[in-house]
Each structure stands twice: as C-alpha cells, then as structure tokens.
Amino acid sequence: MKIAVCIKQVPTREWQPRLNDDRTWVRDAEISYEMNEPDAYALEEALRLKEKHGGEVVVVSAGPSRVQQVIREALARGADRAIHAQDDALGRADAWAAASAVAEAVRLEQFDIVLTGLQSDDQGHAQFGPVLAERLGMPHSTIIMEVQIAAGSLRVKRELEGGWFQYLSMPLPALLTIQSGINQLRYATLKGIMAAKKKEIRVVTTAAPVTSRQRVLSLSVPQKSKQTAMITGSPADAAKELVRRLREEARVL
Amino acid sequence: MILVIAEQRDGRLNRATWEAIAAAQQLAGGAEPVGVAVLGSGIDLVAAELSAADVSGVWAVNHERLASYTPDAFVAAAADVITALAPSHVCLPHTYQTRDFAPVLAARLDRALLTDVTGVGRRDGAPIFTRPMFQGKLVAEVVAEGAAPHLVSFQIGAFRADAAARGTGAPVTVHVPAIGAAALRQQAEAPFQESKAAVDLSQAERIVAVGRGIKAQEHLAMAQALADAFGAELAASRPICDNGWLPMERQIGSSGQTVAPKLYVAVGISGAIQHLVGMKGARTIVAINKDAEAPMFEVADYGIVGDLFEVGPALIAELGKG
Ligand SMILES: Cc1cc2nc3c(=O)[nH]c(=O)nc-3n(C[C@H](O)[C@H](O)[C@H](O)COP(=O)(O)OP(=O)(O)OC[C@H]3O[C@@H](n4cnc5c(N)ncnc54)[C@H](O)[C@@H]3O)c2cc1C
Ligand SMILES: Nc1ncnc2c1ncn2[C@@H]1O[C@H](COP(=O)(O)O)[C@@H](O)[C@H]1O
C-alpha cells in the first residue's frame, strides 16, 4: 500500500495576525509555523494504515523552503520519505495552485491512497483534496472519520452535519480528506527525530508559474456584530460584576 | 444569469438554500436574472417549493442516479446543467455536501471556486466577495480569476433565508442530465446517527462550554464546578471531544449540537465559525478568553479578557455566595 499524506504548514494557533503595509497579506516573516491540525490526523491515519497493510507513507507538501519544518516533523513521526513541491510563490497561493503543484509532483508515483486534511487553518478553502482527486483522476470522499480497506476496495465513514454519519465505498486508488478526531495522535520520539535526519526529501520545482484562481485584494480585522460589554478588573472584581449584570441586566441567573 | 444550486435530501429542502438565493439576488443586484437548479430524483415538490422565489426559473435536474447523493453523480449533473445554462456565477450554500462536490465540479469545469463567502459587493462593476481567513481572525476581500462561471459557496448563516425575495411563481423546467454509469465510483449507504444522545443540550437553559484553553483533562473538574455553580450543563468545542475528554454528545457546533440557551458561557473557546453556528442563537453570550482579539468576543454580550484559571474559580466563589 503506497500512501501519500498532504500536509500544509500554517501559522501557530497562538499567532496574532499583523498586516503588511498595503494590507494585502500578513507579515509572514514574523510568523512561527506548525502542521495544519487535521493534516496531523491524516498522517496518523496513514501510519496506522501502513501498520495494518504494509507499504510506505510519503509526505507531500507544497510551499517555500520553510515548509521543510513540518516535513521533518512528519518524517520524525514515522513517514518514510517526502516530496516537497517548492516555490516561494506557493506560500500565499490558493488551494487550486497548491493542488496543481502537488498533482504535478506526484503524478508518476502511482499512490494507492492519498490523504489530506479537510481544511487548512490559514486560508480555509476546503478545496485542495477534492481538486487533487480530480487532477489525479481518483474518486474521493471528504470529512472522513474512519477508513477500512479490504481487497482493493475502500469503505469510509463520512461525517455529515449535526451528528450524522454515512458509510461509502469506492475502489482504490482514492483520495480522502480527514477530519480532526479520527484517531488519537502519536508524537515524535527522540529515535524518530534522529531517524528523520536520514530520510529522503525529494524537492520538485517546475518552470510553470504558480497561478491562483482567486486574488486577495485586502485583509482586515472583522467588525463586531454585537456591542460587547467588556468587564475589567481583578478576577474577583470581574466575576462579581459579571454575575451582577447577568442577574440584573440580562436576567439569566 | 446567476445559478443557485439548491440542496435537498429525500425531498426536504435544506434551509441554507434560501440563504444562497438571498446571496445570489444580492449579487445580481437586479441587473441579471437568478435561476435555481435542484438535483435529485422525484423532486417535483421541492422544485415547486423553490418556484416561490423571485427567480427567472427553476430547473429540476432529475435523474434516478441522483436519488441519493454521491459526488460523482452530482458533479456530472451539475456540470451538465451549468454547461446548458452558461451562468456568470454559480451560488451554493457552504454545506458538507457542497464541500464534497463543488471543488471537483470547479476543477472539472476548470473554473474558480470561492468558499465560505460571507458578503458580496461590487467595485467598478466587478463582484467582490468577503471570506474569513486565518480561522476568522481576519476577513479578506477576494476576486475570482479566469473565465466565467465563477463558483461561490456562502457560509451558513451569513445571509438571512427570509431576506430571499419571493415572486409570483417561477416556471419549472425539467432537465435530464447525462450521467454515465461508468463515471460513478462511490457507493453510498444510508445516513445514520451515532447512539442516541443521553443528554439533550438543546433543552438546557444555561450552558458552560469549554475549549482548548482548558489545556488538560484534569482541569475539566473546574469546568464542571463552574457549570454547577451556574446551574448549567457542561459542553465543549470540538477539540475537547476529539481528545475524548468529554463525550461527543456534548460538542457544540456544525458537527455537533445546535443550542439556543438563555445563557452560554464560552470559556477558552476561540470562536471558529463551526463552533459559532451551534450557539450564536443563545440569548446572552459570555466570553472568557485570555486573547482580547479572539473572534468569540465578536458575538459575546459580555466579555472578560483574562486567564480562565483565575476567572473560573473567582466566578465559582462569587456564584457560591448565592
Ligand atoms: C467541517 C468542520 C466541522 C467542525 N465542527 C466543529 C464543531 O461542531 N464544533 C467546534 O467547536 N468546532 C468544530 N470545528 C473546529 C473549529 O474549526 C475549531 O478548530 C474549534 O472550534 C476550535 O476549538 P477551540 O476554540 O476550543 O480551540 P482554539 O481555537 O485552539 O482556541 C482556544 C482558545 O482558548 C484561549 N485560551 C488559551 N488559554 C487560555 C487561558 N488560560 N485562559 C483563557 N483563555 C485561554 C485562546 O486564546 C484561544 O482563543 C469544525 C471544523 C471543521 C473544518
Ligand atoms: N500547500 C499545501 N501542501 C500540501 N498540502 C496542502 C497544501 N495546501 C493544502 N493542503 C492540504 O489540503 C487540505 C485542505 O486545504 P485547503 O483546501 O486550503 O482548506 C489541507 O488540510 C492539507 O492536507
């Protein structure tokens, strides 16, 4: 079983956005990065599939050279090797451009199964996986919470809204977008980190320019939809004031 | 024309369809007709329901292979009706089903898709869309590039269903799409709900919900004590349930419960849209978060910027005074 996992490097959760001078992007030189959360679950699922069915796990990421941070992390957690579609322009590119770059980089690999996260924490397109499936000519399913493989065919549990689920079957090769919570994550061990240093990262560059299907004209901080009464003071004072207002103003206690 | 793709299951229209119609009408601004396509099998009644909208026509895209949703069949059918009608934009509600098939549809048509859009406007005559980025910490103004049609999916709740203009009865046209059996690769089983929930949070008058700010499972005892002090049920954001710290039936949001209590106290929850859709109908919302910029404060009536490990115990003590 040859398994690909697509991972994106995104700003950490604690990161406070700061806009650049023309307000068309964030100051990316100041960002510290981490692995997109659902992608970590996709990686874990790939490692479990390999443990069950054998084969190899290949990490794939598109972006500037900085994304090798998350590639290394995935290798340390147990992926076997990596493919890095490298281009500085991929740092701000949309899901369409990233999926196109990855489609080119993996075309000759003949993966049996490709896993991605369901959505990126930075741009949040929720598009990359299905677009890549189409580019690779694979069937797909999204927001997956369980993966079963038997005799060349795949049965998956797809999450629906409001606590509903559905099983679907499809032939391999196929692409799945993985939802957070599908499994419990493992973390890198010291041994894994050492081993990762010797693993291969194949860097792929193409002459074709990176083209996105959408352009960001401006970024801004969202407007509040409600007047929020901010309650200040020491924790004890704030607690006292909040309780008073919930009793007397909002009348909900 | 601007074409809305409606969403129905078993003949029941998803209400978010009306939101997408409202968005399409706003995008059209009266300068362009709006049409609606609904995909399925035996969908006459849904088509009739949709014909109440102020639109130029309803297309009932009818095929037995659309009886239950699969992405391949829906992509084939949608591509077929879009090619026939040649709209300038295709509008969809940003549901799980849209997430599943619209990106493939856009790729097959080789066209742009903007997702999770919360607003539409025009600058120099050209449409501009707003959508959240960076987990709702920022909003972006974006334009689609390349040839029409541009596909746009609208965030649930961003437009009001009752803002969709009603008309005098739009004509319904049956459109039979070409869907080759060979092109259908997925086989879907019937949707189901995991075991019936033991708690019904939708009936709770007060809810205290905790998020990742709680940091470790051992601190849930404090969260429970806070809920008890408020006379509230304890609920959580998704990561807490993903970690197995609370059962999934206590998860609030698009993939969990939708609640509208009198009081909702969000403790250490950032306020991602998938969480907000599950609770923004609450009458009074309190946000407690150490980050003054957390999106949760945008919907809160009362906010305390502070460490939940200090504010939580202080509230327990205060409420204990009776
Ligand atoms: C298809 C889909 C469906 C989803 N469904 C749901 C759903 O149903 N429900 C849901 O909740 N999410 C859902 N999500 C996930 C959602 O996008 C967010 O990732 C999630 O809601 C974040 O949870 P959180 O706010 O607890 O964590 P975070 O975003 O990590 O926020 C933690 C917050 O705690 C604050 N904090 C940290 N330490 C402290 C402290 N000591 N004191 C006070 N504050 C502190 C931080 O400032 C931060 O704001 C879904 C996502 C997708 C893509
Ligand atoms: N540049 C990238 N490199 C590798 N994988 C990516 C990249 N961008 C997106 N992905 C994958 O696609 C998923 C969805 O991203 P998006 O379509 O941007 O919401 C992510 O969870 C990743 O698994």
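Helix H3 (residues 95-106) and helix H4 (residues 128-136), both in chain A of this predicted model, pack at an angle of about 40° with their axes 9 Å apart. Helices here are DSSP runs of H or I with at least four residues, strands are E runs of at least two, and both are numbered from the N terminus. The axes are lines fitted to C-alpha atoms, for helices over the stretch in contact, with angles running from 0 to 180 degrees between N-to-C directions. H3(A) and H4(A) are therefore oblique to each other; under 35 degrees would be roughly parallel, over 145 roughly antiparallel, 65 to 115 roughly perpendicular, and the rest is oblique.

Who touches whom (contact means heavy atoms within 4.5 Å)?

| Helix | Contact residues |
|---|---|
| H3(A) | A:Ala95, A:Trp96, A:Ala98, A:Ala99, A:Ser100, A:Val102, A:Ala103, A:Val106 |
| H4(A) | A:Phe128, A:Val131, A:Leu132, A:Arg135, A:Leu136 |

Sorted by type, that contact has 11 nonpolar, 1 polar and 1 charged residue. Ala, Val, Leu, Ile, Met, Phe, Trp, Tyr, Cys and Pro count as nonpolar, Asp, Glu, Lys and Arg as charged, and the others, Gly among them, as polar.

Over in chain B, 7 strands form an open sheet with parallel pairing, in the order S7-S11-S6-S1-S4-S5-S12. Strands pair if DSSP finds at least two bridges between them. S7 (113-117) and S12 (172-175) are the edge strands, each pairing on one side only. Strand S5 (residues 57-62) of chain B runs parallel to S12(B) over 4 bridges, and B:Trp59 sits opposite B:Thr173 in S12(B).

Residues are numbered from 1 along each chain as its sequence is written, and chains are lettered from A and ligands numbered from 1 in the order written. Local features need pLDDT of at least 70, side-chain atom pairs count only at pLDDT 80 or more, and totals for chains, interfaces and linings use all residues, while side-chain values use heavy atoms, with hydrogens and water left out.

Methods. Contact = heavy atoms within 4.5 Å.
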